[in-house]
Amino acid sequence: MKGLAIKATATLLATVIGAGAACAAESLQDVVKRRNLTQQDLLAAAKTYTPSGGRDEFLAFSSGGQSGQMLVYGVPSMRILKYIGVFTPEPWQGYGYDEESKKVLAGGRIDGKDITWGDTHHPAISETNGEYDGQFLFINDKSNPRLAVLDLRDFETKQIVVNPIMKSEHGGAFVTPNTEYVIEASQYASPLENQKFHPLEEFNEKYRGAITYWKFDREAGLLKADQSFSLELPPYSQDLSDAGKLGSDGWSFTNSFCTERYVGGIEKGRPPYEAGCSAKDTDYMHVINWRKAAEIAKDDKNVKVINDHRVIPMEVAIREGILFLIPEPKSPHGVDVTPDGKYIVVAGKLDTHVSVYSFDKIMAAVKAQRFESKDPYGIPVIGMKDALHTQVQLGLGPLHTQFDSKQCIAYTSLYVDSMVAKWNFCEGKLLDKLAIHYNIGHLMTMEGDTTKPKGKYLVALNKLSIDRFNPVGPLHPQNHQLIDISNDKMQLLYDMPLPLGEPHYVVGIDASKLKPAVRYKVGTNSRTDEQHPGKVRAGEEKVVRNGNKVEVYGTLIRSHITPETIEVEQGDEVTIFLTNLERAQDETHGFTVSTYNVHASVEPGKTVSVKFTADKEGVYPYYCTEFCSALHLEMQGYLLVKPK
Ligand code: CUK
Ligand code: CUA
């Protein structure tokens with residue numbers, strides 16, 4: 001018997017070793033052959049593969065498009081690290097399911113309505129001296145004109161504000177070089193009083209565009225409505241913006257389309273929008289002296305107060321010389337100031353050229369009062385030829401431009417061609433083109449919209465993925481393609497499906513600039529950064545009853561929820577405050593009560609609360625929703641709701 005057992009073991013061992021040896025013997029060549037890889041593939045893999053436990057050099061903050069969220073991924077690995085709830089509830093973080101985050105979302109209520117989604121377009125990282133400082137992130141909602149502030153110490157949304165005079169916006173969020181202001185430009189003109197009705201026949205007189213400069217208080221980490229102001233603009237569809245930098249600091253630039261001021265109405269026998277908005281050859285770039293505007297806006301004489309918000313009327317802006325227009329190629333998308341602050345790059349979707357405007361030439365025209373005309377509202381128009389540095393033919397459907405660490409090098413997306421063009425904006429020369437897959441919108445280079453771009457990588461944000469991934473039904477993911485830009489020729493490295501929405505824009509930051517916290521100071525309300533009145537220490541847990549209001553002051557620590565039972569009466573309003581007493585990294589506990597639609601994510605040190613009316617008698621288990629220890633399942637309790 002014994003001999004047999006030994007023999008069997010030996011055979012088994014031989015098999016295991018044999019199989020192991022065969023496995024170890026699989027060479028790189030074998031894998032290359034088996035997976036049908038090319039030399040280029042191997043190079044791309046080597047450039048993107050991040051060994052287990054390795055970190056990325058850059059972090060990208062992507063708009064989540066229609067999801068109303070943000071997502072964070074690493075570059076060059078393209079690994080998704082986090083979703084962040086912004087305009088939309090996000091259950092993992094308890095966002096919209098605990099009381100503290102509900103207050104943040106309530107800042108985005110419009111006319112008393114909860115708006116539980118957002119059409120996010122352009123994230124912006126806070127800047128100091130024109131460089132990313134890694135402190136805050138701003139993101140806009142195009143559909144319901146709102147801006148949100150995220151704190152990059154904990155990657156949480158802290159504030160949502162509603163634009164007081166707009167009904168839609170697209171030209172946000174863009175920051176001035178020291179984050180003095182966050183720019184938000186309207187998209188579709190509407191009456192600024194926006195509670196009032198005006199028929200489309202009054203479009204030219206009563207409908208207006210606007211650009212809002214939201215004052216950012218860095219100390220408080222909040223946008224300050226009472227120190228913010230707007231400029232009234234003609235009813236053109238204002239579009240993207242960018243702030244001047246270095247020599248052009250103090251100025252900002254905003255595109256527009258449909259300066260025809262066309263309004264549709266097929267039932268009235270008029271051509272459709274896209275035809276009516278393409279009658280002219282050019283639209284207008286708006287050139288605004290925001291620094292002087294900020295001064296002017298402080299004086300009551302210079303502003304109209306609309307919905308408690310200070311608005312500089314067009315006639316004041318014209319009189320004070322802070323608003324100018326320059327013709328730009330039809331239906332432009334991006335307006336991007338070069339890292340040296342000297343040029344403004346505009347790409348018109350219906351023109352094959354990019355147009356490079358010279359800030360010095362614009363200032364010379366302004367100084368000499370050299371204008372070619374006025375628009376219908378009396379705004380001085382600088383001649384296009386007087387302001388142009390150069391125009392470069394790149395291809396079909398140019399949209400957005402980003403910059404390299406190498407001098408004068410820019411990259412522009414070509415939507416119709418499905419290509420990225422590399423070109424020199426100083427000399428006006430096309431250098432290289434690369435096919436992408438497919439229909440690129442924005443593109444992003446590392447810190448590529450700052451005064452000191454980092455170069456190295458470019459991400460193409462492609463609208464269509466068509467055949468690039470395994471099919472998952474008629475709604476396809478978008479495709480973010482990583483491109484190596486460190487050499488003369490661009491090299492495509494990697495396709496990443498973006499499964500959350502249409503992420504119009506992404507910003508990439510050197511990861512070493514971010515210093516996220518590991519834990520909160522015990523008892524912190526993470527949404528306000530203040531000590532939470534609901535915090536308790538171990539042993540201080542209590543239940544306080546006041547009439548039909550029951551307040552539970554509880555704690556969480558492996559593997560225990562205190563208190564273990566909560567007894568209330570039917571109809572009681574129950575608030576449960578929870579403090580996570582852990583100090584260890586990544587020891588988050590979650591909390592939910594059956595059927596009451598509450599959830600909290602309680603990271604180490606955080607205090608949160610959930611609130612509900614116990615309107616139905618019964619027995620409701622509550623438990624920790626994060627697998628936090630071997631006794632995680634035992635981290636539970638009962639809410640006992642006694643009948644009245
Ligand atoms: S946008 Cu979508 S591709 Cu909103 Cu900046 Cu250009
Ligand atoms: Cu705490 Cu599971």
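Biologist: Which strands and which helix do the buried residues of H9 pack against?

Modeller: This is a predicted model, where local features need pLDDT of at least 70, side-chain atom pairs count only at pLDDT 80 or more, and totals for chains, interfaces and linings use all residues. Residues are numbered from 1 along each chain as its sequence is written, chains are lettered from A and ligands numbered from 1 in the order written, and side-chain values use heavy atoms, without hydrogens and water. Helices (H or I, at least four residues) and strands (E, at least two) are DSSP runs, numbered from the N terminus. Contact means heavy atoms within 4.5 Å. The buried residues of H9 pack against strands S13 (251-257), S14 (282-289), S17 (323-329), S19 (343-348) and S20 (353-358), and against helix H10 (384-387).

Biologist: Which residues of H9 are buried?

Modeller: Buried means under 20% relative accessible area, exposed over 50%, partly exposed in between (1.4 Å probe, protein chains only). In H9 (residues 359-367), Phe359, Ile362, Ala365 and Val366 are buried. Their arc, taken from the directions from the helix axis to the C-beta atoms, is only 125°, which puts them on the same side of H9.

Biologist: Which exposed residues does the face turned away from the buried side carry?

Modeller: Asp360 and Lys367.

Biologist: What follows H9?

Modeller: Gln369, with a positive phi near 55°.

Biologist: Is Ser237 buried or exposed?

Modeller: Ser237 is buried, at 9% relative accessible area. Ser237 lies in strand S12 (residues 237-243).
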